[in-house]
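Good morning, and thank you for coming. I shall take you through one structure, step by step.

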Amino acid sequence: MDGHAPHGSNYRYVARKRRTKEDKRFITGRGRYVADVSVPGMKHVAVIASPHAAARIAAIRTAKALAVPGVVAVVTGADIVAATNPMQHGLDIPGVRWYALAVDRARYAGEWVAAVVADSRYVAEDAAELIEVDYEPLPFVIDPEAAFQPGSPPVHPDHKSNVLFQRRFVYGDVDGDFRRADHTLSFRVRWGRSSTVPIETFGVLARWDEGRDVLDVWASIQMPKFHDQLAGCLRLGGNNVRVHYDVDVGGSYGTKRGIAHSVLVGFLARKLRTPVRFIEDRLEYMAGGGAHGPDRIFDMEVAFNRDGRVLSHRMRALDDVGCYPGRSPLQLGKPIGAIVGPYKIGSCAYEAISVTTNKTSQVAVRGFGQAPTNVAIETAMDRVAGFLGIDRLEVRRRNFIAKGEFPYLIPSGTTYDSGDYPTVLDKTVALSRWPELLAKRDALRAEGRLAGIGIATCLEPSGGNSAFEPLFNPLNDTTTWMESCQIKIDLGGTITAIIATSTSGQGHETLVATVIGEELERDPDTIRVVHSDSLGAFPSNSPVGSRMAIMLGGAASGAARQIRASLTRIAAHNFNVPEDRLEYESGAITNRNNTAQKLAWDDLVRIAHRKYHLMPPGSEPGLQATYCWEVPTGGKMPTPDGRVQMYPCFSFEAHVPLVAIDPASGKVDILAYFVGHDCGTVISPDIVRGITCGGIAHGIGAALYEKFEYDANGQLLAGTFADYLMPSAHEVPAIAVTEHCTPSPHTPMGQKGSGEAGYLGAPAAIASAVNDALAPLGLAITTLPMRLKDIEALLAAKSGPKP
Amino acid sequence: MTDRRDIRLTINGRVHAACAAPRMTLVDFIRDELGLTGTHIGCEHGVCGACSVIFDGKPIRSCLMFAVQADGHAITTVEGLEGADGTLSPLQDSFWEAHAMQCGYCTPGMLIAAHALLAENLDPTEDDIREAISGNLCRCTGYQQIVEAVVHAARRRKGG
């Protein structure tokens, strides 16, 4: 898009504190989530789940369940496989067939085997308990390294092994750099199986409209191309499915992708000719819903010189995607676009391995694989600093890409758009009152406590190209990743914008209203933003990859600029002067050379709607615009050796937490947290700060508490909030944020993405702090989450048996 | 579910006479029978706090109680926090001002927890606020702006 608006503080509405458009309905209890949508005649679903990690399903007897008063139907995998197409994967793996219910074989404990439809959820659960399933247990595999071995029990026997993807990318002269380096070191980082775990589970309601041949769907969804895939699985045309995007989504952070649930409910609604709703309960979400995050082992080698400059790294990432991978293996692909972090590392090798195991499936999680990768990169920087005895801040400063070096091409083929990493780190260090922070840590140590300061300087790739799709799947040549916005001005002069996606807390209505208000110089509070449905919508790829400030904001700018151009043409025609003589001010247009010639906003709108005799000949009547744009830097296929422009814009964050560890219990307390953040032009400051703090809280959880633990029998041990521990207001400290603005050259207002902010650096920062605290004891821990019991065990092993 | 009991309870100042199955949870009753969908369900095992309501003056988890147990009691839900004319309470307004939410799903429970705190503590410290909301999980905000909103609401009340 050309015609960049000026950057900085010249904005009326952008970058200024304003109340959001969404919050009023939430504080008054008037949000409309999927469980709040009710249609007459609606029936309810309960599912039964496999108790086995792997088992052949020999028989399912449903007669007792069907006899319960109020039960409408019981369906199994056989019904599903007869009437629906398998769901899609990101990889080319035809041997891995994925249906909404298990077909003949259950592949993880918690997999849904049958579904009951009844008048109420209570009755459906009663009946579900009466379904009898004969299981014949089969060998299974839980550990990803075991799954990687040839001969491990096959999760999907029709796939040749449990390895779904394996490729080693070599970018530059890695072996030469390792030979030339003064030093090398190696280590392993383990990222535990956690996820975003929204407070709202996934839910979906479907109604088959017999008279119109339309399946109406209300869902708690955040998923690219959801309606296309749903229609395909249900063997319907795309225009036979209407997904309503005006449903508030109660948190997602990537994971609300209940395609299996939606296929099930869509199938049932059509088959039974009655509306059907399925709202997961908490255990169904945790154990069955397929919403786990990356579960990754990194083996890292780093080559560096004695001055602390890192020349190269070799990274091997083995990721356990669980049973049905969907798009999740692609989460190994996105980090290729920031594989050297914010550093001038001249070469690298990256081996990505995706294995399937008998666990609940992995799904897209905030950052799409970047947060774990950032832990590996940042651990490397800390290790280099420790090895050489150089300050950790200094090592980073010596390796940072300098402000003047952008646009900067990294070895894997991605060009970073802009940044000023040293300044953001300096601002963060200043915010933390570094000398005082060090003194505080050292005072704690002098008292006999373990205390540490963490440092992490991490990238947030944003904008969401799909370049990992063609990179990981030769059958997929998708390079389009667009977003749309429509604007219409009604006869009364009010502005309505139409967007083509649902929202899960990112404040898209506020974003779009603010951007359009800025472009047209109209008060955003008077602009209405409507969530379309999939039949009325123009193309969207949904809010993934920190892309909406960039892509939806850019689409809103584009549409608004078309409106402004239309207004300008009308005025020029009526004043009979060239357009460059006109002055646009708050929606009114004046002839600069003759200020008596002025048309107010309302006048211009009335001409457009009612006075065709005053319109430029050949004009489109009315005042409306549609803008659909391709992601900047998109539209390119990877090179044969795997180089690719992964994302367009690169936000940056520097984290500095102070932690103290109780030497007796291993409990980690976060005493202070400072973060510097640069996502270019901030459109809505309150929203960006909130997401950043929330991302940090989520990162604290991933670093210290949250894990979907399985036992040796493949049973999930963390199915409730009593076992899967998420940070409360006690565990998350006050967070001090400083913003910096390095505009992106690719976007209309210089904005970059911020949807994954905080989370991309916090796990690395907490890990760094814990290790700084343990360093005086000569201890280190590189397995996340670093739970109380893990640290306690480490400390106990060091001190020997207690007397 | 055939066995249903008559119950009378006061919700947001209005007396409701209704019929509920003994096993129906209070939160399902509030949402499905009364249509007050502002109270949300997050875990159904009493940890997340999304279903919090004020029960005879105290915040409780409405997922951990049966509707029939509420017979004869008074309940305030998020819908009851605003004035009769729709005027936002100072606490609600402070949540908006501070943008103390993102997806809004935990917000009704957070408002209930904060409302209960402010009802008994005129001048809460930040620690008091964190303690009061520590039984309510929020996955979006990291609690920062929620704490700020409650501080703001308390300060407003003191100031006027």
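Which residue takes a positive phi just after α20(A)? Please keep in mind that this is a predicted model. The residue is Gly800(A), with a phi of about 80°. Helix α20 of chain A itself covers residues 788-799. Its 12 residues reach 16 Å from the first C-alpha to the last, close to the 16 Å expected at 1.5 Å a residue.

Let us turn to chain B. Here five strands form an open sheet with mixed pairing, in the order β2-β1-β5-β3-β4. At the edges stand β2 (14-20) and β4 (58-61) of chain B; each has a single partner strand, so one side of each is left without a neighbour in the sheet. On average, neighbouring strands of this sheet are turned by 40° against each other, direction ignored.

Consider one pair within the sheet. Strands β3 (residues 52-55) and β5 (residues 74-76) of chain B run antiparallel and are joined by two bridges. In this pair, Phe55(B) stands opposite Ile75(B). Helix α3 of chain B, residues 107-120, packs on the sheet and touches β3 and β4 of chain B. The direction of this helix makes about 35° with that of β3(B).

Finally, the domains. Chain B is divided into domain 1 (5-80) and domain 2 (90-159), and their C-alpha centres lie 22 Å apart. Domain 1 of chain B gives 13 residues to the contact, and domain 2 of chain B gives 12. On the domain 1 side, the largest share, three residues, comes from β3(B). By class, that side has seven nonpolar, five polar and one charged residues.

Technical notes: Residues numbered from 1 in each chain as written. Chains lettered and ligands numbered in written order. Predicted model: local features only at pLDDT ≥ 70, side-chain atom pairs only at ≥ 80, totals over all residues. Pairing = 2+ DSSP bridges. Helix = DSSP H or I, 4+ residues; strand = E, 2+ residues; numbered from the N terminus. Axes fitted to C-alpha atoms, helices over the stretch in contact; angles between N-to-C directions. Contact = placed C-beta atoms within 7 Å. Expected span 1.5 Å × (residues − 1). Domains from an automatic or database assignment. Nonpolar A, V, L, I, M, F, W, Y, C, P; charged D, E, K, R; others polar.
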